[in-house]
Amino acid sequence: MTQKPALLGSSIPRAWLIALILILIAALTTLCIQAPPAVAAPPAPAMTRCTEHQVPNRDTPEVVVYGNGGGSEPAGDNPANILDPGDAFVIIPVFSDRVSVSGVGENYGPNGTGSVADNGWPYPGMFQHSAVLRFNNNPGGWVRNPAQATAFQQCTRWNESQPVRLLFGVNDPKRDDNGGMWRFRVQIYKAALPATNAMDRCSRAVPVNKGIGESDEVVNVWGKESGSFPAGPNPGNILSQGNVIRIIPDFQSQIQYDFTGYAPPNGNLLVAPGGWPYPGLFQISGILRFNNNPGGWVGPIAQATAFGGCMAWTDSRPVRLLFGVNDPNIGDNSNSWNDPTGRFAWKFRVLIYKS
């Protein structure tokens, strides 16, 4: 007798059918009900970000301390406070740098001779012929005692109640015969930060999302021409309130100037005097200005290399980025017509994060 195929009403097919229905329901549920998008946590505390080597908020790659005069961070004749209560900071010296302290070739690195100075020196108790750091509140005055400028190579929390600027000196009773310079990289992790998705992703160096209009582009700045971001003869605004920007200079890139000279993005590290396009900033260096189109300039002129950290744009005016060259005679510098590939152009990588 021929066996008939099992009908849907029999026990085995019915169990199979129930299982199939449950699978279909689960699949439809997965397709129709989307999980809410993940929300990034706010940035970690300043000290945590510092010890984890996240991207700082202020990263000045070359703070120059001249052997015959000293230096400061920020730069300038009367710099503002930059280190706030709760901030974390690191100061990294270039130990190969030398300052000459006499006309017979005697020269020392930032730690000087290693011998402690007595009361006849500007900073008794500090090393002779060394770089010294003092914390100064503007306008309140000195905060803490002088310290060796090389003593802050590890993450340090600013626990004082006053904000300060960093003033560097030279422990030498006779500086007028000195020459050369010491360089320090200063990184600051701000305690007070916008608790935003954009700041968190920038701090952790997460790639930008171009799908939501974020930016990651390289800007070329030739010696004879100003550069901009966005590019073009009259670019629109690109940076808006709440955005986070980071500008990474390529210190291996260089422009050609005076036909035969070559300069990296920070130029010759000598402060330009009056008569230069941007007095007080480095000679033959890259300059950055923020400009609202069509409103005009926003904020001060700055070294283009001063924005390597994650900086929140807090101004209500959106801006574009306009780069310049601090050179009183740009006519003999490299240009895009003779160098279309950018061999002799400074390169700045611009990243913009949006919340």
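Which pattern do the disulfides of the chain follow, with bonded cysteines counted along the chain? The pattern is 1-2, 3-4.

This is a predicted model, in which local features need pLDDT of at least 70, side-chain atom pairs count only at pLDDT 80 or more, and totals for chains, interfaces and linings use all residues. Residues are numbered from 1 along each chain as its sequence is written, and side-chain values use heavy atoms, with hydrogens and water left out.

**Disulfides**

A disulfide is a covalent bond between the sulfur atoms of two cysteines. The criterion here is a pair of cysteine sulfur atoms within 2.5 Å. By this rule the structure has 2 disulfides.

One joins Cys50 to Cys155, with an S to S distance of 2.1 Å. Its angle about the S-S bond is -95°, and the link of Cys50 and Cys155 is left-handed. The pair links distant parts of the chain, 105 residues apart. Cys50 sits in helix α2 (residues 46–51). Cys155 lies in the loop between β7 (141–148) and β8 (156–157). Helices (H or I, at least four residues) and strands (E, at least two) are DSSP runs, numbered from the N terminus. Cys50 has a relative accessible area of 2%, so Cys50 is buried. Buried means under 20% relative accessible area, exposed over 50%, and partly exposed in between (1.4 Å probe, protein chains only).

Cys202 and Cys310 form a disulfide as well, their sulfur atoms 2.1 Å apart. At -90° about the S-S bond, the link of Cys202 and Cys310 is left-handed. Here too, distant parts of the chain are linked, 108 residues apart. Cys202 belongs to helix α3 (residues 197–203). Cys310 is in the loop between β17 (296–303) and β18 (311–312). Cys202 counts as buried because its relative accessibility is 1%. Cys310 counts as buried because its relative accessibility is 2%.

**Salt bridges**

Side chains of opposite charge can pair when their charged atoms come close. A salt bridge is counted when a side-chain nitrogen of Lys or Arg is within 4 Å of a carboxyl oxygen of Asp or Glu. A search of the whole structure finds 14 salt bridges. The table lists some of them.

| Pair | N to O distance |
|---|---|
| Arg185 and Asp59 | 2.6 Å |
| Lys190 and Asp87 | 2.5 Å |
| Glu160 and Arg144 | 3.0 Å |

Take Arg185 and Asp59, paired in a salt bridge. They link distant parts of the chain, 126 residues apart: Arg185 in strand β10 (residues 179–189), Asp59 in strand β1 (residues 58–66). Arg185 has 35% relative accessibility, so Arg185 counts as partly exposed. Asp59 is buried because its relative accessible area is 7%.

Next come Lys190 and Asp87, also a salt bridge. Lys190 is in the loop between β10 and α3. Asp87 is in the loop between β2 (71–73) and β3 (88–93). The two residues are 103 residues apart. Both Lys190 and Asp87 are buried.

Glu160 and Arg144 also meet in a salt bridge. Glu160 is partly exposed, because its relative accessible area is 28%. Arg144 is partly exposed, because its relative accessible area is 35%.
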